[in-house]
Amino acid sequence: MSSLPLEMIAEILCRLQAKELLCCRSVSKPWCALIDGPNFVKLHLKHSVDTSSNLYIILRTTSHVHYMSFDENLVLNDCVTLKELNHPLMCYNHGIKVLGSVNGLLCISNVVDDIAVWNPSIRKHRVVPFLPIELKRYFGTKSCSVYVFGFGYDSIRDDYKVVRIAQFGGGGKRSFESEVKVYSLRKQSWRRIGDMPYCVLYPGANGVFTNGALHWVVGENPESNVANIVVALDLGVEDYREVLQPEYKDKNCYIDLGILRGCLCFLANFLGQRVDVWIMKEYGVRESWTKLFSVAQGEVNGFLRSLKPLAYSKSGNEVLIEHDNLDLCWYDLKRKQIKNRIPGMPYSFEADAFVESLISVNPNRHLDGRTQDENEDMNMRDDFLSEGFKLVLIKFTRRNSRANIEKR
């Protein structure tokens, strides 16, 4: 056992769930140093994303937050187990909004507009400093008409950022100002960047993050009354660009955005008729837009108002979708039809998918509060391979054996 290279040990441990790894941190100081280290945290996240494992669905009602594991019970449409989740922004109303999700971190807000970056897997959070909105400016000639948020990851600076767009209108039909401020989790401060040269028309339509950028559906100006432009804010260079849309003939639709396995989704909603779901397989390449599936009015229960793709099944042959905040159901990509709805859901809810991770909400420190330099100074010697590692290895081997037997 003592001859095993650290790389092999890390490859074994990265297959465990976050709660198991948190227990493993108590085995010894070297174990704690490895699990808390940034390289292992990234390895664990990469394995979860690449293998579609450690995926969860969070369900939000007006007063409660639940979550469920994306496991075989969900795939087989068995009755799922919803577990209540205590979030860090509890107030007189327990409901929250999810402003964005990336790498296992959720950006959430409550009814009094408190904002926090939260990792539910390790039960850590950081409250974002309150940023008031000027309701009126320029001697009252302009007022804030709408504001939206976004949450994403800046890979250049290894930083997580919260974005708020506050739009001010007035003083003429074409006169508007889309003020953009960015909160850096690493610097723990807000700052203003260049205004977005587009008009936000849909309150509460928060940004969708993928490929280093946040995306919104916007219009050219308030007079247009139509949001038909997809704009991206690159979090690395903090600049805006338009994203070319798929070529579809009927433009008389409501546009929405989504994300599936890291790919940008374009939803063309022909209200009361159907919803077409497109996916951009190669980001930034218009020719890579592919129509993934289409859901018609008669295929769902009730009126087809909205549709939200959440995740692929592990086989990649089905897509889990949320319909009208009422149902979760699978769409079979091979048969091109909706399968069964998932039983046991709340009456009305909003759903989001997130992957379990060890990402810290305190990027300058690790899970136990140590700095990176302090972590690297810790001794990584032979006591790493303690009896605790043997137990984890045995547990991992047994779990894989059971999984292989069940597949057979």
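Student: With which residue does the side chain of glutamate 318 meet in a salt bridge?

Tutor: This is a predicted model, in which local features need pLDDT of at least 70, side-chain atom pairs count only at pLDDT 80 or more, and totals for chains, interfaces and linings use all residues. Residues are numbered from 1 along each chain as its sequence is written, and side-chain values use heavy atoms, with hydrogens and water left out. A salt bridge here is a side-chain nitrogen of Lys or Arg within 4 Å of a carboxyl oxygen of Asp or Glu. At 3.9 Å, N to O, the partner of glutamate 318 is lysine 339.

Student: In which strands do glutamate 318 and lysine 339 lie?

Tutor: The pair links distant parts of the chain, 21 residues apart. Strands are DSSP runs (E, at least two residues) and helices likewise (H or I, at least four), numbered from the N terminus. Glutamate 318 belongs to strand β22 (residues 318–323) and lysine 339 to strand β24 (residues 337–341).

Student: Is glutamate 318 buried or exposed?

Tutor: Buried means under 20% relative accessible area, exposed over 50%, and partly exposed in between (1.4 Å probe, protein chains only). The relative accessibility of glutamate 318 is 13%, so this residue counts as buried.

Student: Which residue forms a salt bridge with lysine 291?

Tutor: The closest N and O atoms of this pair are 3.7 Å apart, and the partner is aspartate 276. Lysine 291 lies in strand β20 and aspartate 276 in strand β19 (residues 274–280), so the bridge ties together parts that are 15 residues apart in sequence. Lysine 291 is partly exposed at 41%, whereas aspartate 276, at 5%, counts as buried. The residue asked for is therefore aspartate 276.

Student: Why do the buried residues of α4 line one face of the helix?

Tutor: The buried residues of α4 (residues 38–51) are Phe40, Val41, His44, Leu45, His47 and Ser48. Seen down the helix axis, the directions from that axis to their C-beta atoms fall within an arc, so these residues line one face. The arc is 160°.

Student: Which exposed residues does the face of α4 turned away from its buried side carry?

Tutor: Two of them, lysine 46 and aspartate 50, meet in a salt bridge of 2.6 Å, N to O. They are 4 residues apart, about one turn of the helix. The exposed residues on that face are Asn39, Lys46 and Asp50.

Methods
Expected span 1.5 Å × (residues − 1).
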